[in-house]
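Student: I'd like to take a close look at one part of this model. Could you walk me through it?

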Amino acid sequence: MKQELNLSDDQEMKLRDMKQKNMAQRKAWKDGDNKSDMSNKDRKMMKKEGRNGMEAQMKQILTPEQYTKWQNNMQAKREKMKANKMRMRSDKSQMNSMQSK
């Protein structure tokens, strides 16, 4: 990401710190006892809040140009993941239909 966005050393350090904090937060949530008590709706809400928080932090750290480029990169990654997920579902359904014959 440093090269893609042409980050300064200060920006790189801030992003590294942010990433470590977010990872610790996700790990605490994942390992927490309350996880099984949450509904799918609550889990989705927490993920969305985390994503919004990360975007706000990124906006503070990056320049407007870097932020736009980062958003475009993230959108491309999301689309690629979605396409892969759809392909995997298609492959799975084809395998299931072949096994049932």
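Which side chain does the side chain of Q11 make a polar contact with?

Tutor: Keep in mind that this is a predicted model. The partner is Q66: the two side chains make a polar contact at 2.7 Å. Now for the setting. Q11 sits in helix α2, a stretch of 23 residues that reaches 33 Å from its first C-alpha to its last, close to the 33 Å expected at 1.5 Å a residue. Q11 counts as buried because its relative accessibility is 10%, under the 20% cut-off. The buried residues of α2 are Q11 plus L15, M18 and N22.

Look at what surrounds Q11 next. Leaving out residues up to four places away in sequence, Q11 touches N6, I61, L62, T63 and Q66. Take I61 from that set: beyond its own neighbours within four places, I61 is in contact with Q11, K14, L15 and M18.

As background, nonpolar side chains in soluble globular proteins tend to be buried together.

One more of the residues touching Q11 deserves a stop, and that's N6. You'll find N6 in the loop between α1 (2–5) and α2. N6 counts as exposed because its relative accessibility is 64%, and the cut-off for that is over 50%. N6 also has a positive phi of about 55°, although it isn't a glycine. So, by relative accessibility, Q11 is buried at 10%, while N6, which it touches, is exposed at 64%.

Notes:
Residues are numbered from 1 along each chain as its sequence is written. This is a predicted model: local features need pLDDT of at least 70, side-chain atom pairs count only at pLDDT 80 or more; totals for chains, interfaces and linings use all residues. Side-chain values use heavy atoms; hydrogens and water are left out. Contact means heavy atoms within 4.5 Å. Helices (H or I, at least four residues) and strands (E, at least two) are DSSP runs, numbered from the N terminus. Buried means under 20% relative accessible area, exposed over 50%, partly exposed in between (1.4 Å probe, protein chains only). A polar contact is a pair of N or O atoms within 3.5 Å; within protein, one must be able to donate a hydrogen and the other to accept it, and residues adjacent in sequence count only if both atoms are side-chain atoms. The expected span of a helix is 1.5 Å times one less than its number of residues.
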